[in-house]
Amino acid sequence: MSAPVQREAAAIREEWLGLALSTLPADRPAAQAAISELYRLIGQVPPRFHWVSSPAAALVTAPPGTRPRPSDAVENLSGWPLPPILTSLMRELCRELDARVRWVQQPMDQMIRRQVRGPLSRSADRSLRMALRSAHHPQDYPANTWYGMQCVSWIAHYDALRRAAGVVFTPEQTRRFEAWAAVARSCGWWWPREDVCVVSERPAEVRTEPRGEDGEVRLHCADGPAVRYADGWDVHAWHGTPVPAWVITDPSIRRIEQEANVEVRRCAIEHIGWEAYIEGAGLRPVASAPDPGNPGSELRLFTVRRGSRVLLAVNGSLERDGRRRRYGLIVPDFLDDPIAAAGWTYGLSAEQYSLLVRRT
């Protein structure tokens, strides 16, 4: 695969990631024109549009001129008729575009799936889709399918096939693809009904950090909301994990001790620092030992509460700032040996863990 093609694919990925995380005001005329075109493509009359300030607002507002019915609530999205029809329209387009890929273009298609579609899908799931779940808590598969369909990853994939790999679309395929792409470029989440379409504005602020290679990102902000909408609805996140606001704005030993969720506790402890937490909480040391899986580092075992202990370790690989992150792992209280505790976290015995060359 030529380097210029890979660079172009990476540029297309970054372009669509920027659009997905955009904090610019929605282009309402463009969004409404594109959604109306999608309605026409499935044989529906273009709807009236009702704009909301955030996905959370979509839960509690009824479009003017409609009679609120339980079945029309966003949490009952799986029972709405239009989302599965529009999803079928998208899937049929994808099948047609896949068939346009000639055998000589297949290596580029695979590269684009790895370097464009995959990273964008993972980035979306760890950013705005994560924020959406905080508002809606969609549990059923159809709802998740509809939100996944609005992810820019599949659009970026076929855009890269067209621009970087030279795949030619028919005029009709171009018409359908451009309608989907125009919606993704111009607004936030949207919810289609037969008579009215609810559309959300974009967030006013999105804070992310790099994760892994290929341009992946996840939500993170150490001093405020990771996602904030103009109406005040926001989501806090610590290295990709959604957390209550106090974890970011006012972490304390008392709140950490009262928190039942292990992941939330871990994030709050990481925010104030494990050393500060151990000292402030008065954790009793059990034992320490050199880490055989991470030469030059030490494993330290502490009693946390009845039934559990915490193993304090150092990451085997460097962070982007050149430092090694110190982190704690909850382990059972029957473990008295730090090496046995480290092995337990990997499903290994102390002897097996001691034979590791280097942990990452």
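**View 1. Helix 5 and helix 8 cross in a right-handed sense.** A crossing is right-handed if the near helix is turned clockwise from the far one by less than a right angle, and left-handed if anticlockwise. The model is predicted: local features need pLDDT of at least 70 and side-chain atom pairs count only at pLDDT 80 or more, while totals for chains, interfaces and linings use all residues. Residues are numbered from 1 along each chain as its sequence is written, and side-chain values use heavy atoms, with hydrogens and water left out. The axes of helix 5 (residues 106-125) and helix 8 (residues 152-163) come within 8 Å and cross at roughly 150 degrees, so helix 5 is roughly antiparallel to helix 8. Helices are DSSP runs (H or I, at least four residues), numbered from the N terminus. Axes are lines fitted to C-alpha atoms over the stretch in contact, and angles run from 0 to 180 degrees between N-to-C directions. Angles over 145 degrees count as roughly antiparallel, under 35 as roughly parallel, 65 to 115 as roughly perpendicular and the rest as oblique.

**View 2. Residues in the contact of helix 5 with helix 8.** Helix 5 contributes D109, I112, R113, V116, R117, L120 and S121. From helix 8 come V152, S153, W154, A156, H157, Y158, A160 and L161. Contact means heavy atoms within 4.5 Å. By class there are nine nonpolar, three polar and three charged residues (Ala, Val, Leu, Ile, Met, Phe, Trp, Tyr, Cys and Pro count as nonpolar, Asp, Glu, Lys and Arg as charged, the others, Gly among them, as polar).

**View 3. Helix 8 packs against helix 9 at an angle of about 130 degrees.** Their axes are 10 Å apart, and the angle makes helix 8 oblique to helix 9. This crossing is left-handed. V152, W154, I155, Y158, D159 and R162 of helix 8 meet T174, F177, E178, W180, A181 and A184 of helix 9. The contact residues divide into eight nonpolar, one polar and three charged.

**View 4. The largest cavity has a volume of about 320 Å³.** A cavity is a set of points on a 1 Å grid over the protein atoms alone where a 1.4 Å probe fits but cannot get out; lining residues have an atom within 4 Å of a point. Of the 24 lining residues, A20, Q150, V152, C187 and G188 are the closest to the centre. Helix 1 (3-20), helix 6 (128-136), helix 8 and helix 9 (171-186) each supply at least two lining residues. The largest share, three residues, comes from helix 9. The lining comprises 17 nonpolar, four polar and three charged residues.

Conventions. On a 1 Å grid over the protein atoms alone, a cavity is a set of points where a 1.4 Å probe fits but cannot get out, and a pocket is an open set with protein on both sides within 12 Å along at least five of seven lines; lining residues have an atom within 4 Å of a point. Grid points are joined across faces, edges and corners, and a volume is the space filled by probe spheres set on the points.
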